[in-house]
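Please walk me through this structure in plain terms. I have not seen it before.

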Amino acid sequence: MTVTTIGIIGGGQLGRMMAMAAARLNFRTIVLEPQVDCPAAQVANGQIVAAYDDPAALAELAGACDVVTYEFENVPVSAAQALAGSIPVYPPPMALEAAQDRLVEKRFINGCGIPTADFRAVDSQSDLEAALRDFGGQGVLKTRRLGYDGKGQKVFRSGADSADGAYAALGGVPLILESFVSFEREISIIAARATDGIVVCFDPAENIHRNGILHTSTVPASITDATAVAARGAAETILAALDYVGVIGIEFFVLPDGSLIANEMAPRVHNSGHWTEAACVVSQFEQHIRAVAGMPLGNADRHSDCVMQNLVGDDILALPDWLRRRDTLVHLYGKTESRPGRKMGHVTTLTAKSSVSP
Ligand code: AMP
């Protein structure tokens, strides 16, 4: 397959950064996104302004591109499958199916031999009450689909939180109750798999969330080499099981004994991998583009320690201070209007590398 033009479904900042990486490797990009002048379209070669599942728009995208990828995991599976009938779609639609529904995702991850939090499907208030009894009154209730940045979730702490009305409060949609994991820290790993099956992983990042939104990713994470090796191993297993092509982000809880519990996976480039553009020779975005275009993967070695911080909402007011710093790469997303909880950009601050990657 000779790739000249890459289609990107979704027009947010992840698509924008993919399109920028693609341009550096001489690829053209076309974005399918209903919102005009979206972050990705500002830097891509073209935009098809239409819904993600518009059949005519999908046909136009397939006709204009050599391969199609996506920047968010809620691309309708039927749209991805329809496209895959006429053009390579990477990551494969199977990865979307595995990641869109938390119940399917947990079963898939467990099927790979990787532990997750214990879980119960919750389709009614009585299911919820039974599941909470199973978990000693504690747990995290989440919508099975379409949750992001901590939205569509409710935490129950033993004895403190009443379940009354909780099923209806999350919209009466299919839910999952997860047992509460008393983790020591949260990490994620960004890994890439090429069309020839070769896997390359970046170093795990340690993530701190604020109000359900990623605040910082710090690399190296404060974990042992054994934990880092386990995260890489889990990523390799998941990627092989999905016959995956492209970059994936997998989030884990680290228990006090260093063992890992997988939380969720995103079949796309990931916010907790933005640090790679500043601290590695090849970023997650370039790695993804290389993979979907059938190129060899790049070197994911880290040359510096770093902290990536999201600029969310009014954080953007501190931009002049960040711009003055000599140790910081600033990346803005082309969003003119700042709103609470809206990711406006990110900054990555570098320091000398302190440790050898396992
Ligand atoms: P998620 O949307 O699944 O990534 O959850 C958002 C955040 O909620 C995670 O990053 C954790 O900080 C917390 N969280 C989610 N699930 C659990 C769990 N089962 N036990 C403890 N904390 C959780």
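**From a buried helix to the ligand**

The buried residues of H4 are Pro93, Ala95, Leu96, Ala98, Ala99 and Gln100, where buried means under 20% relative accessible area, exposed over 50%, and partly exposed in between, with a 1.4 Å probe and protein chains only. Helix H4 spans residues 93-100, and because 6 of its 8 residues are buried, the helix is largely enclosed by the rest of the structure. Those buried residues pack against strand S4 (67-70), helix H3 (77-84), helix H5 (102-111) and S14. Helices (H or I, at least four residues) and strands (E, at least two) are DSSP runs, numbered from the N terminus.

This is a predicted model, in which local features need pLDDT of at least 70 and side-chain atom pairs count only at pLDDT 80 or more, while totals for chains, interfaces and linings use all residues. Residues are numbered from 1 along each chain as its sequence is written, and side-chain values use heavy atoms, with hydrogens and water left out.

The chain is assigned domain 1 (5-89), domain 2 (118-178) and domain 3 (185-352); the bounds come from an automatic or database domain assignment. Taken over C-alpha atoms, the centres of domain 2 and domain 3 are separated by 29 Å.

Next comes the ligand. Which domains supply its shell? Domain 2 (118-178) and domain 3 (185-352) each give at least three residues to the shell around the ligand. The ligand is surrounded by 14 residues, the closest being Lys142, Gln153, Val181, Glu186 and Glu264; a residue is near a molecule or strand if one of its heavy atoms lies within 4 Å of it. Strand S6 (139-143) and strand S14 (260-266) each provide at least two residues of this shell. By type, the shell residues are 5 nonpolar, 4 polar and 5 charged. Here Ala, Val, Leu, Ile, Met, Phe, Trp, Tyr, Cys and Pro count as nonpolar, Asp, Glu, Lys and Arg as charged, and the others, Gly among them, as polar.

One nitrogen atom of the ligand is 3.0 Å from a polar backbone atom of serine 179, and a nitrogen atom of the ligand is 2.9 Å from a polar backbone atom of valine 181. An oxygen atom of the ligand is 3.0 Å from an N or O atom in the side chain of asparagine 263. Taken alone the ligand exposes 470 Å², and the protein buries 88% of that; accessible areas come from the Shrake-Rupley method with a 1.4 Å probe, and for residues only the protein chains shown count as cover.

Isoleucine 176 sits in strand S8 (residues 175-178) and counts as buried because its relative accessibility is 0%. Beyond neighbours within four places in sequence, isoleucine 176 is in contact (heavy atoms within 4.5 Å) with residues including Arg102, Phe119, Val140 and Lys142.

Glutamine 287 belongs to helix H10 (residues 284-292). Is glutamine 287 buried or exposed? At 0% relative accessibility, glutamine 287 counts as buried. Its side chain reaches the backbone nitrogen of glycine 298 at 2.6 Å.

Methionine 20, in helix H1 (residues 13-24), is partly exposed, with a relative accessible area of 36%. Apart from neighbours within four places in sequence, methionine 20 is in contact with Val43 and His331.

Note on methods. A polar contact is a pair of N or O atoms within 3.5 Å; within protein, one must be able to donate a hydrogen and the other to accept it, and residues adjacent in sequence count only if both atoms are side-chain atoms.
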